[in-house]
Amino acid sequence: MNQSFGEIYKKKKVLITGHTGFKGSWLSLWLTDMGAEVHGYALPPITTPCLFDLLKLKDLVNHKEADICDFAQLRKTVKSVKPDIIFHLAAQPLVRESYETPMETVLVNTIGTANVLEAVRVENLPCAIVFVTTDKCYENKEWLFGYRENDAMGGYDPYSASKGAAELLIASWRRSFFNPKKIKDHGVRIASVRAGNVIGGGDWSKDRIVPDCIRDLQQYGVIQVRNPYATRPWQHVLEPLGGYLKLGAKLLDENSADLHLYCEAYNFGPLISSNKNVGALVDGIIKVWGAGKWESFSPDKNDHEASLLHLTIDKAYHRLNWLPKWDFDETVRYTVEWYKNTFENPSTVFDYTQRQIHEYQN
């Protein structure tokens, strides 16, 4: 399915919170490639290396280093930029990290979200906002069928709970201040998006399966796998980003008679055939890498991790005409080939990353 967006983002003012992160870097490059005027608001990159620096995005976007929990600074930025659309990605994004820093996780993921909502409200700024949360916002009962957007929020671990709480805050501000049926009065269009387990080139986060695999393959040739039988909805990073952009395009169309229908929550996940266990993912990574093996291990500390999680994407298909393009094997291939190319030809990382975006779009 073609994921081009015409001229909708050309010359639009786009504010991305969390633009220095993995997904934020891919989104920043994609939007600048489409001619958008991108403004970024985020803390410095937290990994070394990092995709933001490799792509030299500081030279392409209007880059501001600031904390999403600093309301005064965020409000000042919103006031000066006056964005047509905001993509809110700033977050503490790791489940296992949330066990180490639960209060920071809750603060960033809830108050940070509320700060974006409130900055737009107090500045009386008509704009579109896409809030990026997670598939882990649902109360996970580990049943076989996928979660729908109207299923209950929940969260076993601090990360999941904070994202469920963020969704409740988004719904609250939407009902209280930004009623979708009164858009002509306030001009604010709000949607939230929930994606599955995202993989792709340029992620170097700790305690994420793909970066861990790449590091182990480079250093030892043997991958240590913590939970090989856990099943996840794997998808390439460009899949949900394409969904966010498609939803954002709908929110930017202020003349649409159905505009209020897009001011809701949307799932973006893979087809059911891409729901594989961790062992299958690692096998696929090794196959594309061309060497290596894996072995399971039991960590000293066993924090709770869900064993089964699926999303239902019917709503995104019927409302947005969105479907994932790449199957499981393609997702793994594009991901591993990105790392291999970066290691072998580091000077080509920008062109290679941009080429993957173009191949996905066409």
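How many of the residues of β5 are buried? The count is 5 of 5, so to speak of strand β5 is to speak of a strand that is mostly covered. The notes below concern a predicted model.

1. Strand β5. Both faces of β5 are covered. A128, V130 and V132 are buried on one side, and I129 and F131 are buried on the other. In a regular strand the side chains alternate between the two faces of the sheet.

2. Partners of β5. Strand β4 (residues 85–88) runs parallel to β5 and is joined to β5 by 4 bridges. Within this pairing, F87 stands opposite V130. β5 also pairs with β6, again in the parallel sense, over 5 bridges. There the bridge partner of F131 is S192 in β6.

3. The sheet as a whole. β5 belongs to an open sheet of 7 strands, ordered β3-β2-β1-β4-β5-β6-β10, with parallel pairing. β3 (62–65) and β10 (265–268) are the edge strands, each pairing on one side only. On average, neighbouring strands of this sheet are turned by 20° against each other, direction ignored. At the β10 end, β6 and β10 pair in the parallel sense over 4 bridges, and R194 has N267 in β10 as its bridge partner.

4. Helix α1. Residues 22–33 form helix α1, which lies across β1 (13–17), β2 (37–42), β4, β5 and β6. The helix runs at about 170° to β1.

5. Helix α6. This helix covers residues 158–176, 19 residues in number. At 1.5 Å a residue α6 should span 27 Å, and because its end C-alpha atoms are 26 Å apart, the two values agree. At its start, a side-chain oxygen of D157 comes to within 3.1 Å of the backbone nitrogen of Y159. The buried residues of α6 include Y159, I170 and W173, as well as K163, E167 and R174. Among the elements that cover the buried residues are α4 (95–100), α5 (102–122), β5 (128–132) and β6 (189–195).

6. S162. This serine is found in helix α6. Is S162 buried or exposed? Its relative accessible area is 2%, so S162 is buried, the cut-off being under 20%. Neighbours within four places in sequence aside, S162 is in contact with T105, V106, N109 and T110.

7. Helix α12. The 17 residues of α12 (residues 328–344) should span 24 Å at 1.5 Å a residue, and the end C-alpha atoms are 24 Å apart, which agrees. A side-chain oxygen of D327 reaches to within 3.2 Å of the backbone nitrogen of D329 at the start of this helix. Buried residues of α12 include F328, Y334, W338 and Y339, and also T331, T335, N341 and T342.

8. In soluble globular proteins, nonpolar side chains tend to be buried together. The largest nonpolar core here has 75 residues, of which Y9, W26, W30, L31, F87, Y244 and L245 touch the most other members. Helix α9 (residues 238–252) gives the most to this core, with 8 residues. A second, separate core has 23 residues, including Y41, L74, V116 and A119.

9. W26. Leaving aside neighbours within four places in sequence, W26 is in contact with L51, G201, H236, V237, L238, L241, W338, T353, Q356 and I357. One of these, W338, is among the buried residues of α12.

Notes. Residues numbered from 1 in each chain as written. Predicted model: local features only at pLDDT ≥ 70, side-chain atom pairs only at ≥ 80, totals over all residues. Heavy atoms only, no water. Core = buried A, V, L, I, M, F, W, Y, C linked by side-chain atoms within 4.5 Å. Buried < 20%, exposed > 50% of the residue type's maximum accessible area, 1.4 Å probe, protein only. Helix = DSSP H or I, 4+ residues; strand = E, 2+ residues; numbered from the N terminus. Contact = heavy atoms within 4.5 Å. Expected span 1.5 Å × (residues − 1). Polar contact = N/O pair within 3.5 Å; in protein donor to acceptor, adjacent residues only side chain to side chain. Pairing = 2+ DSSP bridges. Axes fitted to C-alpha atoms, helices over the stretch in contact; angles between N-to-C directions.
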